[in-house]
Amino acid sequence: MALLRITSPHTHRAGRRTSWVMLMVILATIPGLIAQTWFFGYGTLINLVIAMLTALVSEALILKIRQRPIGFFLKDYSAILTAVLLALALPPTVPWWLTVTAVAFSIIFAKQVYGGLGNNPFNPAMVGYAICLVSFPVPMTQWIGAAGAVPSFSDSLAAIFGTLPTIDSYTMATPLDAFKHKQGMMSSEAFATVPGLQELSLSSWMWVNLAYLAGGLFLIWQRIITWHTPVSMLAALAVMAGFFYAIDPSNAASPLFHLTSGAAMLGAFFIATDPVSSCTSNRGKLFYGAGIGILVYIIRTWGGYPDGVAFGVLLMNFAAPLLDYYTQPRTYGHKKAKKGINPGGEG
Amino acid sequence: MSAEDTLAPDTPVENPAPSGPNYGEILYNGIWKNNPALVQLLGLCPLLAVTSTVVNAIGLGLATTVVLLGSNIAVSLIRNYVSEAVRLPAFVMIIASFTTCIELIMQAYTYELYQILGIFIPLIVTNCAILGRADAFASRNPVAPSALDGLMMGLGFTMVLVLLGAMRELIGQGTLFTDMHLLFGEMATSWRLEIFSNYPNVLFAILPPGAFIGLGLLIAIKNYLDEKEKARIAKEQEGQEKVSRRVRVTD
């Protein structure tokens, strides 16, 4: 009998193999994918194809070097899921080599170097995203402006393969980026005048986020993820935003703006809930999600980058083992475990 | 009091003096088998911090090599006169003196490079590879092997620095040997190679994380080569054993 090494995510329901879970998560991104394609053009779809090909090739390559069964691991869809999440997170106009770099780095350095699926301490997709954000800040922060000028399929293709020099006419700052650089303007003034903060731009981002919310609710309904991480992350983000909005509404953005901009929903439901790199216990997930929400607000408001989901998730990945240690559920019939040094020696 | 008397009983002795120094082994140790950067993992702070270009790497590597060579010779010369208790402060004083010399020389002749390397030149004092060699080798060996050991350890360190610097410069900026005139004078300006034209700078490779990953890859390559070599030797020995067994049978 061959003993297959089954890696986490461990699921207890019969028939729920890793590949099924991964496939459902991929399917749940479809509403967001459609919304993003509708508002920002076909770039996301082209990126998706590039990302998937890169993921499969790099995963197969490393599995071959590591002398693991290639087909067995390729069929668990985890590499495809990493590729999908990256393609959704990257701007639709990034050049093809940027997508390839991000995906290859995710698969090779963030996942396979640590031992493949189930052994990676960090979310692979977010490692690839963070690497590219640090390395290529300019293409990584240019988004298609939703102001009525969505590029055609051929224009998207040309932008990605670097043959369209006029891509700048399509791109503008995202609402988060525009708000961050309002340079002393009052909030109301910025929302009235800055191009990236106009009604159309805001509403397209809102629809994209609502589509991810729908996909995320489907995942919770299917019990693929639990509600703890997304709810605590969004709640923490809303509380932080609400607190500072209440103190100074002329400089801070409203909680609604923060919840419906950038990668808030994608991050909360699809990225922070990665079963490998996040917390395992439900109480731990609450702290983990809240930590991400707080970090996202801090990075968005006072940090150097317009959005902070990637860095927030990566920083809380660091903390996940510690959170799990301190939030271990009590096993049935045992007293509450005593944590830390117990000088009295009682119990 | 001979060198052997000063040894603490439980400290490991590298290349004990009675059998005579084995220069080939010292060379092999410094460059490959016991490379300070790839195997001992000493002196990582400057290694990771300054290797963003080849010229930085060569500059710091040569400075470290000179300090290692000088301190190894000096420590070896005084090894029979310094008592066990005060040896470390004495070694650090020697290393600090050589570092100060190098710092002043670099300030005089390669001022721009001196400014780029900044705090990492004075920090050569704290490079544990140097104190490590002084204590583990130079303080218990005669001058000639100590000098060779210092030189080889320094060259091994420089080799890794330059490899890492080349990797990071190539990936980070798409060039090689940029700004070599900082170290080699005006004629080196034309050494700059632009490997990829129109290259988008990969900031990640120039930032510290790129150095960590680059060093990890270099260590992986070294281990891979060692494994291959070991496998080859094992195969050869197997072949020889078979031959000798056949000889015994006919005996």
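Q: Which residues of H15(A) are buried?
A: In this predicted model, the buried ones are Ala264(A), Met265(A), Leu266(A), Gly267(A), Ala268(A), Phe269(A), Phe270(A) and Ile271(A).

Q: And how much of helix H15 of chain A does that cover?
A: Eight of its eight residues are buried, and the helix runs over residues 264–271.

Q: OK, zooming out. How is chain A divided?
A: Into domain 1, covering 14–172, and domain 2, covering 175–328. Their C-alpha centres lie 20 Å apart.

Q: How many residues are in contact between domain 1 and domain 2 of chain A?
A: On the domain 1 side there are 32, and they meet 31 residues of domain 2.

Q: Which helices of chain A supply the domain 1 side?
A: Helix H1 (18–28), helix H2 (30–40), H5 and H7 of chain A each give at least two residues to the side that touches domain 2.

Q: What's that side like by class?
A: The side of domain 1 of chain A that touches domain 2 has 23 nonpolar residues, nine polar and no charged.

Q: Let's talk cores. How many residues are in the largest nonpolar core, and which have the most contacts inside it?
A: The core has 106 residues, and the ones with the most contacts inside it are Leu86(A), Met126(A), Tyr129(A) and Leu237(A). Helix H5 of chain A, residues 78–89, brings the largest share, ten residues. Both domains take part: domain 1 (14–172) and domain 2 (175–328) of chain A each contribute at least three residues to this core.

Q: What does Tyr129(A) touch?
A: Leaving out residues up to four places away in sequence, Tyr129(A) touches Leu86(A), Ala89(A), Ala102(A) and Ala310(A).

Q: What about a second core, how many residues does that one have?
A: It is separate and has 44 residues, including Leu69(B), Tyr114(B), Met153(B) and Leu182(B).

Q: Is Tyr77(A) buried or exposed, and why?
A: Tyr77(A) is buried, because it has 21 other C-beta atoms within 10 Å and 20 or more are enough to count as buried.

Q: Which residue of chain B has a positive phi although it is not a glycine?
A: Asp179(B), with a phi of about 60°. Asp179(B) lies in the loop between strand S1 (175–176) and helix H8 (181–184) of chain B. This residue has 19 other C-beta atoms within 10 Å, so it counts as partly exposed.

Q: Got another Asp on my list. Where is Asp155(A), and is it buried or exposed?
A: Asp155(A) sits in helix H9 of chain A, residues 153–160. With 20 other C-beta atoms within 10 Å, Asp155(A) is buried.

Q: How far is Asp155(A) from Met186(A)?
A: Their C-alpha atoms are separated by 36 Å, and the two residues are 31 apart along the chain.

Q: Switching to chain B. What does its secondary structure come to?
A: Chain B has ten helices and two strands. From the N terminus on, the order is α-α-α-α-α-α-α-β-α-β-α-α.

Q: How many residues does chain B have, and what share of them is buried?
A: There are 251 residues, and 35% of them count as buried. Of the contacts in chain B between residues at least 6 apart in sequence, 78% join residues at least 24 apart.

Q: How many residues does each chain bring to the contact between A and B?
A: Chain A brings five residues and chain B brings six. Helix H7 of chain A, residues 124–135, gives the most to the chain A side, with three residues. That side divides into four nonpolar, one polar and no charged.

Q: Last topic, confidence. What is the average pLDDT of chain B?
A: The average is 83, and 87% of the residues score at least 70. Among the elements of chain B, H8(B) has the lowest mean pLDDT, 79, while helix H4 of chain B, residues 87–109, has the highest, 93.

Q: Where in chain B is the pLDDT below 50?
A: Over residues 1–11, a stretch with nine contacts in the model beyond near neighbours in sequence.

Q: What are the scores for the model?
A: The ipTM is 0.75 and the pTM is 0.82.

How values were computed. Residues are numbered from 1 along each chain as its sequence is written. Chains are lettered from A and ligands numbered from 1 in the order in which they are written. This is a predicted model: local features need pLDDT of at least 70, side-chain atom pairs count only at pLDDT 80 or more; totals for chains, interfaces and linings use all residues. Two residues are in contact if their C-beta atoms, placed from the backbone, lie within 7 Å. Helices (H or I, at least four residues) and strands (E, at least two) are DSSP runs, numbered from the N terminus. Ala, Val, Leu, Ile, Met, Phe, Trp, Tyr, Cys and Pro count as nonpolar, Asp, Glu, Lys and Arg as charged, and the others, Gly among them, as polar. A residue is buried if 20 or more other C-beta atoms lie within 10 Å of its own, exposed if 12 or fewer, and partly exposed in between; C-beta atoms are placed from the backbone. A nonpolar core is a set of buried Ala, Val, Leu, Ile, Met, Phe, Trp, Tyr and Cys residues joined through C-beta atoms within 7 Å. Domain bounds come from an automatic or database domain assignment. pLDDT is the predictor's confidence in each residue, from 0 to 100.
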